[in-house]
Amino acid sequence: MPLLHLAIAQFRPRKADVPGNLTRIGEVLAQAAALSPRPHVVHFPETATSAYFVEGGVRECSLTIAELTAGIAQAYGAASSAASADGAPIAAVVGFYERLDGTLHNSVAYLEVTGHSARALHVHRKNFLP
């Protein structure tokens, strides 16, 4: 049975800095893609795009899944060198505050990232938040 290589991103998101955190996520993914052996999945913390305690700013820090995938694709593409980008996808599990149909969710997305693109394979939305 083949082994699954998992990378846990020790990542401290900056509070309410969504663009900066997306850039950092792309950089970490590019670093992981250059490792040998290359991890199959890179796991980021809950609310990696904004930090957890943003007080009343959750709505301002929330993203749609399209905004999340576009931001990570752009950041990963910018951070990846031609030498490390062999075209093989890398998977990422990213926690974020999601805006969906006028409702906010504390969600986690399972993404496939390659080159300058990313696509969501699954989004899990938490229920029964405090």
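What is the relative accessible area of glutamate 46, and how is this residue classed?

Tutor: Glutamate 46 has a relative accessible area of 35% and is partly exposed; buried means under 20% relative accessible area, exposed over 50%, and partly exposed in between, with a 1.4 Å probe and protein chains only. This is a predicted model, in which local features need pLDDT of at least 70 and side-chain atom pairs count only at pLDDT 80 or more, while totals for chains, interfaces and linings use all residues. Residues are numbered from 1 along each chain as its sequence is written, and side-chain values use heavy atoms, with hydrogens and water left out.

The side chain of glutamate 46 forms a salt bridge with that of lysine 126, at 2.4 Å from N to O. Glutamate 46 belongs to the loop between strand 2 and helix 2, whereas lysine 126 is in the segment after strand 5 (117-125), so this pair ties together parts 80 residues apart in sequence. The term salt bridge denotes a side-chain nitrogen of Lys or Arg within 4 Å of a carboxyl oxygen of Asp or Glu. Helices (H or I, at least four residues) and strands (E, at least two) are DSSP runs, numbered from the N terminus. Lysine 126 counts as partly exposed, at 36% relative accessibility.

The loop also contains threonine 47, which has a positive phi of about 50° although it is not a glycine. With 0% relative accessibility, threonine 47 counts as buried. Alanine 51, found in the loop between strand 2 and helix 2, is likewise not a glycine and has a positive phi, of about 80°. The relative accessible area of alanine 51 is 12%, and the residue is buried.

Because glutamate 55 lies between strand 2 (41-43) and helix 2 (58-61), and lysine 15 in the loop between strand 1 (6-8) and helix 1 (18-33), the pair ties together parts that are 40 residues apart in sequence. Both glutamate 55 and lysine 15 are exposed.

For context, the count by this rule comes to seven salt bridges. One of them joins arginine 99 to glutamate 67, with the closest N and O atoms 2.9 Å apart. Arginine 99 is in strand 3 (residues 90-100) and glutamate 67 in helix 3 (residues 65-79), so parts 32 residues apart in sequence are tied together by this pair.
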